[in-house]
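Trainee: Could we go through this chain together, taking each label we put on it and asking what stands behind that label?

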Amino acid sequence: MIMSHAQPSLTRTGTGNDRPAPQSPIRAPHTHPAFAREDVSNQVTVIGAGPAGLVCAIALARAGRRVLVREWHRNVGMRFHGDFQGLENWSGETDVLDDLRAAGIEPTFDHHGVTRGTVYDSRGSHYQVQSARALFYLVRRGSDEGCLDHALLRHAIAAGVEVRFEDRASDAEGNAVLAIGPRRADIIAVGYVFETHMADGSWLVLDERLAPRGYAYLLIHAGRGTLASCMLKGFKQQAVYLERTVAFFRSQLGLTMRAAKPFGGFGNFRIPRSAIQGGHPVIGEQAGFQDALAGFGMRYAIRSGLLAARSILEARDYSSLWREELRPLLRAGMVNRFIVNLIGERGWPAVEKLLTHGDARIALQRMYRPSIASRILFPIAQLHHLGTSRDPSCDHIDCDCVWCQHQAEHKPPIADRNSRGGSTPTGSTRADRGEHL
Ligand SMILES: Cc1cc2nc3c(=O)[nH]c(=O)nc-3n(C[C@H](O)[C@H](O)[C@H](O)COP(=O)(O)OP(=O)(O)OC[C@H]3O[C@@H](n4cnc5c(N)ncnc54)[C@H](O)[C@@H]3O)c2cc1C
């Protein structure tokens with residue numbers, strides 16, 4: 001959910017609230033006696049330097065393990081463009097930045113706690129949403145100073161991790177963790193990053209004409225802006241939806257953009273049957289760990305990275321760890337997505353009531369708590385997701401949607417080599433369909 005800002009400026013240290021830090025359920029992994037410090041020759045290779053891989057590498061290195069991170073590109077965050085993303089703060093009881101601190105990672109990246117915002121719907125109504133605590137933290141993604149990825153890289157290097165760039169892994173040997181990011185597109189985003197004189201704020205639009213099954217957003221902070229249409233279908237018409245999104249914000253808010261740069265990206269969400277591949281833990285979006293309602297994956301990347309580190313350091317079973325800690329949330333996200341798809345625009349009054357009646361963070365938190373209703377609905381939601389997980393409007397012929405563009409440059413990654421089958425014309429693998437939901 002994208003809301004407007006309340007805090008004055010991006011900070012590298014503040015949490016956006018001044019409460020005492022609560023006890024975080026995420027803790028720094030302990031070193032199991034079997035992997036004690038003298039065992040540093042026992043190297044772990046992490047494949048992929050996104051948030052999942054870097055957080056995992058930091059936790060392992062801090063516990064005394066020798067860690068090599070292999071990254072395909074020449075820097076971190078290369079699939080991002082300095083765009084603002086929301087590090088959500090509602091799917092856990094604790095503050096996401098406190099969770100990072102509890103794992104020994106100071107949030108030295110630029111971040112800004114967002115406590116309120118405006119939501120528009122397709123009926124032309126709009127309403128304010130607010131929370132006493134940060135609903136999410138606005139962070140930037142990419143390789144520049146201040147971006148989340150850049151800060152995590154710094155932490156990793158300081159912890160003694162060796163990061164090898166321009167090293168595209170085609171297989172994984174020894175003690176390895178797989179963290180190569182999304183493998184297919186369930187959701188795509190197209191938009192602009194730009195400079196502006198507009199005042200800070202965050203706006204969300206729920207309108208099929210701008211973003212089919214998804215949402216459009218505008219985030220402005222300190223003279224920088226990110227605008228995008230995030231869609232779960234209609235990929236082939238991405239340019240039309242983006243144009244409509246720009247027109248909408250121009251007419252509603254007088255949007256002005258300077259030095260606008262287009263960007264696009266895609267995301268993958270599913271609940272894997274197994275997040276172990278070739279005996280290696282799979283973390284972050286490569287495992288499909290992402291909120292199915294709105295495509296928030298950073299917190300799951302961080303959580304799963306820490307869980308994989310814990311499984312190695314404490315000789316615990318990674319499957320049990322992620323199933324216990326992540327699966328209930330992932331299932332709730334899938335049920336929420338199913339409900340939204342089912343009720344469509346008829347449900348906007350209910351959404352408005354839910355988000356404006358009291359504290360929005362608490363309302364969202366409730367939506368991610370396991371309940372009897374979500375348990376009953378999950379099997380149906382799961383089937384529904386299988387049926388809709390590929391965009392039927394994109395036939396991949398003469399198409400330049402971000403997913404088709406990506407596939408043109410993307411050869412089968414390591415995951416595919418370890419899978420039971422080859423790739424399909426859509427770039428997905430039999431592993432996608434067989435091993436996962
Ligand atoms: C436009 C856009 C907006 C988003 N907005 C939000 C948001 O607001 N909030 C949110 O929580 N999430 C958001 N997400 C999702 C979030 O960015 C991802 O879920 C998150 O980055 C996943 O982290 P990861 O470490 O699993 O993967 P990634 O960040 O994708 O990192 C994977 C890394 O692995 C590398 N790699 C790939 N293949 C290989 C290989 N074979 N060998 C070596 N290295 C390899 C890649 O180069 C990359 O650096 C957004 C995504 C997009 C595209």
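Mentor: What follows is a set of questions on the labels used for this chain, each answered from its definition.

Mentor: This is a predicted model, in which local features need pLDDT of at least 70 and side-chain atom pairs count only at pLDDT 80 or more, while totals for chains, interfaces and linings use all residues. Residues are numbered from 1 along each chain as its sequence is written.

Trainee: How many helices and strands are in the chain?

Mentor: The chain has 13 helices and 16 strands, where helices (H or I, at least four residues) and strands (E, at least two) are DSSP runs numbered from the N terminus.

Trainee: What makes β4 and β7 a pair, and in which sense do they pair?

Mentor: Two strands pair if DSSP finds at least two bridges between them; β4 and β7 (residues 136-140) have four bridges, in the antiparallel sense. Within this pairing, F136 of β7 is the bridge partner of V114, and G113 stands opposite Y137.

Trainee: Why are β3 and β4 called edges?

Mentor: The open sheet has three strands in the order β3-β7-β4, with antiparallel pairing. β3 (84-88) and β4 (111-114) each have a single partner strand, so one side of each is left without a neighbour in the sheet. From one strand to the next the twist averages 30°, an angle between N-to-C directions of axes fitted to C-alpha atoms, on a scale from 0 to 180 degrees.

Trainee: Which residues of β4 point the same way, and are they buried or exposed?

Mentor: H111 and G113 point one way and H112 and V114 the other, and all are buried, a word that requires 20 or more other C-beta atoms within 10 Å of the residue's own, with 12 or fewer for exposed, partly exposed in between, and C-beta atoms placed from the backbone. Across the 437 residues of the chain, 53% count as buried.

Trainee: What makes a set of residues a nonpolar core, and which members touch the most others in the largest one?

Mentor: A nonpolar core is a set of buried Ala, Val, Leu, Ile, Met, Phe, Trp, Tyr and Cys residues joined through C-beta atoms within 7 Å. The largest has 121 residues, of which V55, C56, A57, L60 and A156 touch the most other members. Helix α5 (residues 298-313) gives the most to this core, with 10 residues.
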